[in-house]
Amino acid sequence: MSLSRILPVGVFLILVVFMAIGLTRDPSVIPTEMIDREMPKFELPELYDPDIAVRTEDLIGETTLVNVFGSWCVACLQEHPTLMQLSRDRTVRIVGVNWRDKRQDALTWLERHGDPYASIIFDAESDLVIEMGVTGAPETFVVDPRGRIRYKQIGPITPDVWDDTIRPVIDAIVAETEAAS
Amino acid sequence: MRSIVLSLLLVLASTIGVATGQTGEEIDARVDALSRSLSCPGCDGTPLAKHEFPLATDLKTMIKDLVEEGRSDLEIRKYLFDRYGDAMALSEIEPVSDLSAEEIKTRTETVSKTLRCVVCQNQSIYDSNAPLAEDMRRLVQKRIEAGDSDEEAREYLRNLYGDYVLMSPPLQMNTILLWLGPALLVLLGGVWFLSRLHAAPTASEAALTEEQRARVAEALAERDRSA
């Protein structure tokens, strides 16, 4: 077979390979830049009591899940039972970031569905959310006791996500802390 | 005697600094920032930082004390608003830099047009109505007001969201095919076309073999006869 016959087929095959790779990628998922970075500095009011300020330092000292949610966020309801379970079992401290919400709406939502959070940061104007590179809710960050972001979960935490991805990250942090002490 | 009192005061001051973990510069910077973002009774809504009359200096000292005690900015603001009410509010936001409002607006626009909205990814944050895009625009404006160059403001967001947030991808190793691909294709096409052009004459010469010519001649002769 002559080269001119093989060439178009070859070009076609190369295109197929590139497009096949392209199809396996989800363009709506933006890879996070935040892994292994410090939690950004912030100071924002608490949801229940706006007079109390929550600061970066409040997150340090304990492994924490920082969970971005809002009463407007439908997918947040999907992960809510998992968070409630984690909170009942006292598995890990969960701090909420109530994002672009109205205070009253958030309070009603928590009353209806339960409150798994140790503390809730009220971020009405995306101040903290942008600093953390968040693109949508729900998103959850695993922050180690030194205040370093170790993992980011985009989308709801289902029991499978918890068992397969987040739990191992937390176990690794625990092992690390024990080795260091 | 006086020197003992002075040195005692110095020791006291330094222990306060250590207790809250702030250096003198940090404290001054926070006091400065706070007194720019607050007004005062008698300041008519202008920043407290601009005034030197007795109450104004007292308020500044009070802010400094609170900062040294380790209170947060939010607590200090609340503390002052509780005591002086709306008199502490600025009548308009005082820009930190000396840029004009018009300049800030146009530069925010220019930068916003080059940043991708992370919610609706085919729009810039300038075009998008998404609430997050709105907040990102405000952040760009804040950066510019704080004295960032356009490039620095862009870098700030790129640092948070990665290359994805830039509307036009930067020329770097993982985008080199994207940038050079079209030129490469044109080049390859050109080479292919030229090589075909040179090959063409030989192909047309061989279009008919002797035998085919003979058959054509015969067919023509046949038609002439039957006409």
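Me: What makes A:Arg100 and B:Asp135 a salt bridge?
Reply: The term asks for a side-chain nitrogen of Lys or Arg within 4 Å of a carboxyl oxygen of Asp or Glu. In A:Arg100 and B:Asp135 the closest N and O atoms are 2.7 Å apart, so the pair meets that cut-off. Please keep in mind that this is a predicted model, where local features need pLDDT of at least 70, side-chain atom pairs count only at pLDDT 80 or more, and totals for chains, interfaces and linings use all residues. Residues are numbered from 1 along each chain as its sequence is written, chains are lettered from A and ligands numbered from 1 in the order in which they are written, and side-chain values use heavy atoms, with hydrogens and water left out.

Me: How many salt bridges are there between chain B and chain A, and how many residue pairs in polar contact?
Reply: There are five salt bridges and nine residue pairs in polar contact, with both residues at pLDDT 80 or more. A polar contact is a pair of N or O atoms within 3.5 Å; within protein one must be able to donate a hydrogen and the other to accept it, and residues adjacent in sequence count only if both atoms are side-chain atoms. On chain B, helices H4 (73-84), H6 (131-145), H7 (150-161) and H8 (176-205) each supply at least two residues of the side touching chain A. H6(B) gives the most, eight residues.

Me: How much area is buried between chain B and chain A?
Reply: About 2,100 Å², with carbon and sulfur atoms giving 55%; this is the accessible area (1.4 Å probe) that the two parts lose on being put together, summed over both. In chain B, B:Leu74, B:Leu160 and B:Tyr161 lose the most, together 26% of what that side buries.

Me: How do you know that the peptide bond from A:Ala137 to A:Pro138 is cis?
Reply: Its omega is near -5°.

Technical notes: Helices (H or I, at least four residues) and strands (E, at least two) are DSSP runs, numbered from the N terminus.
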